[in-house]
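Trainee: I have just opened this one and would like to get to know it. Could we go through it together, one question at a time?

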Amino acid sequence: MAAQRVNQRVLGAGTTVRFVLLLALLVAASAAGMSDILVWTTDPNSNANGCELAAGFNPNSGYLSEVELLSATGGTTPALQACLAHYSPSAPWWSLLAGIGLLLVVAGAFFWGIPVWKGRRGQVVPLRDTDERGDLEPAMDELVRTARLDRPNFVINPGRVTTNAVVFGRPGRHTVCLDGGLVARRRADPTGFRTVVLHELAHIRNGDVTITYATVALWRAFLIVVLVPRVVLLGWELIQETHSVIAPVDRPMIVYSLLLLAALTVLVYLTRADILRSREIYADLDALAWGADPGHWPHPRTTARRRFASFRELWRSHPRWDQRRQSLTDHVVLFGIQPLPTFLTGAATIILAAQVTSSLPPLSTGTEQLLDWLAACLTAVPITVIIGAALWRAIAHAVLTGRRPPSGVRTGLWLGAGLAIGDWLLDSFTEAQWFPNHPAVLVVHLLVAVVITCWTAQAAELIIRSWRGRTLRPAMLLGLVVPWLAFTFWLGWWQSVGRWFVSGFPFDWERAFLGSATSHSSAIAALTEVMAVLTTVHANPFSTWVVTAMWLVPLLAWAVRPPTHVPHWVRAALPGADDPPLPAEPLPSLRPPLRVALLGGTLGAIAVAAVMAYLHTWRPPANVVDDLYNFSEPSLLIVALAVAPVAAAAATALITRRYRLLVAWAAAGVAALVAFAAAFLLGATQECLGPLNTTAPSFCHWRPLVAWPFYAQALMPPVLETGLFFAAIVALFVAAMRRLAQRWRPAVTAGPSPSPRSPRARWAAKRVGIATIGVAAVGFSLAGIAPLSQDTARTDMSNPDLLTPATTSVTPEVRHAQMLAWFKFGGADLIGQYLETDMPNLEAAARAARAADVDPAKVGSVCTEINQTKRSANSYFPMPDPALQQDWSMVITHLPQVCADFQRAAVQGDDNLYETAINEFLTVVNGMDSLTKEIVPASGL
Amino acid sequence: VIEMAEYGATRCTVREVVHDVVADVAPEELPVLAGLSQLDDDEALRRLTRRRRPRERLGFGLDTVATLATAITWVAVQESVKRIVDPAADGLSRRVGTRLRRLFRRPSAPAIVPVLTREQLTEVHRRVVEVADQNGLDADRATVLADRVVARLVLTALDTERPGER
């Protein structure tokens with residue numbers, strides 16, 4: 001197939017969606033920034049952080065967010081609520097809306113004002129006022145007719161001696177401004193004049209004007225309303241003195257916030273420049289199609305490239321002239337996938353997702369979850385369309401021109417890097433720390449992105465080759481549904497759960513899974529971590545469907561007969577070709593992969609049997625609950641079952657040449673189903689299997705109803721979700737290794753192993769087979785959706801008992817800050833009440849020579865006061881320092897007792913009791929004394 | 001040249017001189033001149049000599065400077081006239097005045113071309129050639145342009161003054 005010139009509009013380039021993503025990002029970042037500004041207006045001294053510190057949270061272990069978790073699960077202590085309500089009132093609900101309104105008003109003013117300013121009198125002159133010879137206006141009319149547009153406003157900037165032109169305006173009122181130099185040169189260089197004006201008209205035709213100036217306007221509004229105030233506030237927070245209580249733990253957060261704003265600025269500029277460069281090339285091509293002179297695009301001077309030239313070009317809104325000239329004749333540039341926009345899309349998406357979530361006001365847990373998911377669905381749209389469109393365009397071009405289609409690996413790596421780095425900047429897991437505890441978890445972004453992009457790329461080729469429609473657009477939309485679901489799942493899961501794994505989950509998985517069983521090996525401890533991931537993934541309703549769709553949907557392509565005539569979309573995409581190519585090619589046969597799948601399933605069944613035999617050796621006797629066994633049984637069986645898809649995927653990736661990920665994944669799915677069927681049979685008949693019996697000794701019988709819920713609901717979902725994802729990773733890894741090996745040792749260039757031309761009966765058999773696999777997979781997925789009957793309560797993350805205490809690694813600085821906060825937000829008042837009022841009053845009321853001389857009524861009123869103080873102290877936070885808390889709680893509980901003893905001694909005239917009370921009182925006073933002595937160094941007062 | 005009769009014995013402005021020269025040597029530049037005529041002299045000169053050229057979003061991207069007879073003539077004549085009329089006012093006070101006028105949007109009155117001596121005319125000629133050279137006009141055409149400018153200025157002088165005085 002000779003290299004063909006492919007119509008650049010065979011599929012949209014996705015630049016409009018990229019603009020929309022940029023606008024959405026700016027609005028979301030504004031909302032998030034504005035909520036921070038609002039918090040500052042109501043709580044300028046960050047008392048909220050102070051309350052949290054006083055409550056004993058340890059920001060150093062990344063657990064300041066523990067407060068959020070606690071409040072999300074309704075576990076906030078009343079003391080914290082009271083402290084927050086008193087010291088850090090929240091801004092009224094409408095203030096955020098008002099802030100967004102202000103942003104939009106300012107943006108609107110810019111959007112309206114920029115064209116007015118550019119087109120003001122004194123700057124430009126209407127063309128008709130200068131057309132002394134009367135030939136300019138008709139020339140413009142002719143060009144407008146060529147472009148089939150409504151006539152825009154033409155003006156001249158007479159002071160500009162350059163030969164440029166520019167277009168600005170707002171919808172329905174576009175202005176093309178011609179440089180004086182261009183107008184003056186019209187006679188000398190009519191084709192040049194025509195080219196420049198047609199290029200500008202193409203900008204109008206392509207809708208570039210509105211969206212470009214909308215971005216400019218929103219960016220400037222963001223700069224004025226959010227960015228500058230935020231930077232000033234953060235800078236002030238960084239240097240101000242009064243903030244010192246939490247300064248050491250607050251500083252990383254402030255610096256990361258500043259970094260994020262800087263990154264956002266860079267992101268906006270780079271993205272906008274990149275989109276504009278792409279739009280320039282489209283405008284060039286349209287101008288060319290309308291009859292512009294290709295000779296007018298200047299030849300670049302061959303000067304030595306300046307240092308950092310390519311870096312500078314990233315910020316320019318126009319591509320280099322050599323690129324523009326080249327793309328006039330060769331459209332390859334337009335169909336390639338560029339790393340920079342891919343990276344930027346990833347970063348923008350993850351920042352957008354986080355900003356949307358963080359700008360939402362606190363709501364009830366259910367509503368919040370729903371909104372989070374809605375946000376994930378929406379944020380997944382731009383990333384899917386942008387990356388999907390880039391891949392689809394590249395692959396359509398490769399298919400039409402006979403080039404090698406991109407694998408999607410590189411795109412995935414760039415996208416994943418964008419997601420990971422954007423995520424890092426967000427700092428939602430490094431709160432109060434310079435680096436997250438487990439940064440390696442961020443690599444999962446790369447893995448997920450690579451799986452999704454490779455899937456998208458291979459599915460795109462599969463669909464493009466078998467598509468018969470008039471245009472490719474519906475095919476692309478169809479092919480992007482599954483990636484969209486995948487991104488929705490990923491963004492939603494990551495926002496709600498995944499991010500926690502980076503900071504270290506504040507949840508005691510070992511206790512959750514193992515309960516009372518404490519003595520176990522480190523392998524079991526590691527297994528709890530694995531089970532934690534599986535549990536949180538399964539808690540997400542999307543997970544099963546997304547993975548099942550990813551391995552099942554591509555199989556449909558094997559059930560469709562390939563087109564035998566050149567489809568209409570190919571003719572439209574290759575307008576100049578006399579003999580357009582037939583993109584269809586026979587698909588690789590599914591028989592070998594299915595055989596591998598059966599083998600993999602068998603391997604999985606053997607692994608299951610081995611695990612059962614192992615478990616048989618230490619099964620607990622009947623009526624004995626062994627938490628360790630109850631955990632080990634399902635988790636080891638899950639690992640054994642996962643052997644099937646992983647082995648099948650690896651082996652299939654080795655034997656297939658085309659659509660490796662799709663075929664390997666389908667084989668993995670089938671293998672999982674086979675292994676599961678075998679395991680279910682083993683489980684339902686295990687009482688008859690002797691050494692494989694994992695239950696308490698019982699008689700041999702067939703018990704499917706007992707085995708089913710365990711296998712279908714506890715074991716199958718993790719295998720179908722995370723297990724199959726892992727299988728995909730393994731398949732991609734094997735494929736990459738093969739490619740590397742081929743680089744050194746050129747492969748035998750045997751063509752694909754095509755399935756023979758199938759007769760009608762074969763097609764029917766094929767379709768029945770694929771339908772059977774589909775029904776089985778969907779059936780198992782449905783069965784797995786049902787909630788787990790057992791053990792859910794224990795691994796329920798809303799159970800605050802299982803939150804790991806943060807007292808493990810409290811540094812002296814944090815302890816100091818905690819104690820200081822404890823004092824500031826109420827502790828000092830309580831201690832003062834005891835030292836200055838309650839204790840002196842009690843002493844005064846109880847001082848006497850003997851018990852009978854004490855006035856019981858006086859002591860009684862003091863006791864009432866002391867009890868009142870006790871209630872206040874109990875409703876306040878305990879002292880953050882555990883050692884001091886012991887003394888403190890002694891004072892709180894003993895003083896009322898002492899007072900009661902004095903009162904009783906006075907009433908009864910009991911001198912012995914009076915003596916005891918005096919001694920007890922001395923103990924309490926001594927306790928208080930030592931407490932204050934220790935508190936002073938502890939709090940640095 | 002044809003319109004010369006209209007000016008008759010009245011004194012003539014810089015822009016009129018430029019208009020006549022451009023209409024003669026580069027009539028295709030007349031729309032530009034018409035645009036410039038709507039600005040005051042200082043503003044026009046400022047625009048024509050502006051170094052910084054912003055890169056416009058959605059422009060074609062060409063920043064090639066066109067060699068315009070209009071620009072060359074305007075810059076050379078106006079600068080020469082300024083220097084001849086008020087040689088001292090080239091410094092700070094003039095610049096401040098220009099700034100203030102721009103701030104308050106007060107157009108300055110169009111500069112009047114005085115009657116020039118032979119030396120002054122030679123100086124204008126030299127200046128036109130110099131500016132033309134800076135703008136990349138070839139030497140022959142630069143000389144033609146300078147000749148035209150001087151011719152137009154001489155015509156003004158002839159019209160303004162009584163014959164026989166010189």
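Trainee: How many salt bridges are there between chain A and chain B?

Mentor: Good place to start, and keep in mind that this is a predicted model. A salt bridge here needs a side-chain nitrogen of Lys or Arg within 4 Å of a carboxyl oxygen of Asp or Glu. Polar contacts do occur, with 9 residue pairs between chain A and chain B. The count of salt bridges between the two chains, however, is 0.

Trainee: What is the area buried between chain A and chain B?

Mentor: The size of an interface is often given as the accessible area lost when the parts come together. In this model, 52 residues from chain A and 31 residues from chain B take part in the contact. Carbon and sulfur atoms give 58% of the buried area, which comes to about 3500 Å².

Trainee: Which element gives the largest share of the side of chain A that touches chain B?

Mentor: The residues on that side divide into 18 nonpolar, 17 polar and 17 charged. The largest share, 6 residues, comes from α10(A).

Trainee: Let us turn to the cysteines. Is the disulfide of Cys51(A) and Cys83(A) left-handed or right-handed?

Mentor: The sulfur atoms of Cys51(A) and Cys83(A) are 2.0 Å apart. This pair links helix α2 to helix α4 of chain A, across 32 residues. The torsion about the S-S bond is about -80°, so the disulfide is left-handed.

Trainee: Is Cys700(A) buried, partly exposed or exposed?

Mentor: Cys700(A) forms a disulfide with Cys688(A). Both cysteines lie in the loop between α27 and α28 of chain A, so the pair ties together parts that are 12 residues apart in sequence. Buried means under 20% relative accessible area and exposed over 50%. Cys700(A) has 48%, so Cys700(A) counts as partly exposed.

Trainee: How many residues apart in sequence are the parts that Cys863(A) and Cys899(A) tie together?

Mentor: A disulfide joins Cys863(A) to Cys899(A), and both cysteines are buried. Cys863(A) lies in helix α31 and Cys899(A) in helix α32 of chain A, so the parts they tie together are apart in sequence by 36 residues.

Trainee: Which pattern do the disulfides of chain A follow?

Mentor: The count over all chains comes to 3 disulfides. With bonded cysteines counted along the chain, the pattern in chain A is 1-2, 3-4, 5-6.

Methods: Residues are numbered from 1 along each chain as its sequence is written. Chains are lettered from A and ligands numbered from 1 in the order in which they are written. This is a predicted model: local features need pLDDT of at least 70, side-chain atom pairs count only at pLDDT 80 or more; totals for chains, interfaces and linings use all residues. Side-chain values use heavy atoms; hydrogens and water are left out. Contact means heavy atoms within 4.5 Å. Buried area is the accessible area (1.4 Å probe) that two parts lose on being put together, summed over both. A polar contact is a pair of N or O atoms within 3.5 Å; within protein, one must be able to donate a hydrogen and the other to accept it, and residues adjacent in sequence count only if both atoms are side-chain atoms. Helices (H or I, at least four residues) and strands (E, at least two) are DSSP runs, numbered from the N terminus. Ala, Val, Leu, Ile, Met, Phe, Trp, Tyr, Cys and Pro count as nonpolar, Asp, Glu, Lys and Arg as charged, and the others, Gly among them, as polar. A disulfide is a pair of cysteine sulfur atoms within 2.5 Å. Buried means under 20% relative accessible area, exposed over 50%, partly exposed in between (1.4 Å probe, protein chains only).
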